[in-house]
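Please look over the sequence and the structure shown here before reading on. The report below is meant for a reader who meets them for the first time.

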Amino acid sequence: MSIVRKLAFGLATVTFVTLGVSTLVSTANARRRHDAETIERAGPIKAGEKSAREPIILLHGWAASRKDMATMRGGFAQAGYPTYVGAFGGEDNIANARAIADIVDVAKRETKAEKVHLVGHSMAGLSMRYYIKRLGGAASVRSYVAFGTPQYGFSVACILAEANGGQMCPSSAFLTDLNAGDDTPGDVAYFAYRSTKDTPGITRLDGGACFVELPDVSHFDEPKSPAFLQSILLAVGGTCPGTYTELAAN
């Protein structure tokens, strides 16, 4: 095959993949906009009464929806945690961080808790970290638990538009800003989870964090995994079920 034909084939493949991903994102966003207007609640939430445990806020990943967090929702509620499941209306991490701030305010008000636990899959971990680092969320967060999150980017995301997940591109302005300085600010317990099937190295966090690796779970099955659920229950309970590591801040 000539160089010209190879280049043409390559460009056609990228265009096809990009159009397919764009269609997926547009469909997912249309489905999620209604969900984003409401918060799903589970577990012991009694209006006007202080909860025995601090609330859990569950947040789905890229091109996913609230229903993907059903296993986590049931597990935390059964363990006695007031559980709030949020939904994002799109793939803009800054807009999603503002949505997290609203959910945190609701959860604190309804449970009379001083702090919450943030638990998010994939891209949600970036929105959560932006909320903590750039929107003053550190004062309201007890623990930050991100699983399968590309903290320093995922090169495949570079084919996406900025508003459709392109912020996960390692060179994006969003990640450049988010990863400047300390990744783990404030009096927050940070946990970074990955499966052995996740891309190596993408879940790093500078500063002090508990790093946990679990075997043989596909990325999109992580929110449904009993192994992830049981380990994250330990994390929000104050135990590091992996290795606590202090990496040098950049």
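The sections that follow go from the overall fold to the sheet, the helices, the aromatic rings and the backbone.

## Basis of the description

This is a predicted model, in which local features need pLDDT of at least 70 and side-chain atom pairs count only at pLDDT 80 or more, while totals for chains, interfaces and linings use all residues. Residues are numbered from 1 along each chain as its sequence is written, and side-chain values use heavy atoms, with hydrogens and water left out.

## Overall fold

The protein chain holds six helices and eight strands, where helices (H or I, at least four residues) and strands (E, at least two) are DSSP runs numbered from the N terminus. Along the sequence these elements follow the pattern α-β-β-α-β-α-β-α-β-α-β-β-α-β.

Of the 250 residues of the protein chain, 49% count as buried; buried means under 20% relative accessible area, exposed means over 50%, and partly exposed lies in between, with a 1.4 Å probe and protein chains only. Among the contacts in the protein chain with a separation of 6 or more, 74% are between residues 24 or more positions apart, a contact being heavy atoms within 4.5 Å.

## The sheet

Eight strands make an open sheet with mixed pairing, in the order β1-β3-β2-β4-β5-β6-β7-β8; two strands pair if DSSP finds at least two bridges between them. The edges are taken by β1 (40-42) and β8 (243-247), each of which has a single partner strand, so one side of each is left without a neighbour in the sheet. From one strand to the next, the twist averages 20 degrees, with axes taken as lines fitted to C-alpha atoms (for helices over the stretch in contact) and angles running from 0 to 180 degrees between N-to-C directions.

Strand β7 (residues 207-214) is joined to β8 by five bridges, and the two run antiparallel. Cys210 has Tyr244 in β8 as its bridge partner, and Gly208 stands opposite Glu246 in β8. Five bridges also join β6 to β7, but these strands run parallel, with Ser195 standing opposite Leu214 in β7. Strand β7 is mostly covered, as six of its eight residues are buried.

Helix α3 (residues 93-111) has 19 residues and reaches 26 Å from its first C-alpha to its last, close to the 27 Å expected at 1.5 Å a residue; the expected span is 1.5 Å times one less than the number of residues. Its buried residues include Asn93, Ile100, Val104 and Thr111. The buried residues of α3 pack against β1, β2 (56-59), β3 (83-85), β4 (116-121), α4 (124-134) and α5 (173-178).

Ten of the eleven residues of α4 are buried, so this helix is largely enclosed by the rest of the structure. Among those buried residues are Leu126, Arg129, Tyr131 and Lys133, and what covers them includes β2, α3, β4, β5, α5 and β6 (189-195). Helix α4 is followed by Gly136, whose phi is positive, near 75 degrees.

## Aromatic rings

A search of the whole structure finds five aromatic pairs. Rings of Phe, Tyr and Trp (its six-membered ring) pair if their centres lie within 6.5 Å, and planes under 30 degrees apart count as stacked, over 60 as edge-to-face and the rest as tilted. One of the pairs is Phe147 with Phe228, which is tilted, with 5.8 Å centre to centre and 40 degrees between the planes. Phe147 lies in strand β5 (residues 141-147) and Phe228 in helix α6 (residues 226-236), so the pair ties together parts that are 81 residues apart in sequence. Phe147 is buried at 0% relative accessibility, and Phe228 is buried with a relative accessible area of 0%. Together with Tyr193, Phe147 and Phe228 form one aromatic cluster.

Two arginines sit over tyrosine rings: the charged end of Arg53 is over Tyr81, 4.6 Å from the ring centre, and Arg204 lies over the face of Tyr152, at 4.1 Å from the ring centre. A charge sits over a ring if NZ of Lys or CZ of Arg is within 6 Å of the ring centre and within 35 degrees of the ring normal.

## Positive phi in two loops

Most residues other than glycine have a negative phi. Ala63 has a positive phi, near 55 degrees, and lies in the loop between β2 and α2 (70-78), where it is buried with a relative accessible area of 16%. Lys112 also has a positive phi, near 60 degrees; Lys112 is found in the loop between α3 and β4 and is partly exposed, with a relative accessible area of 44%.
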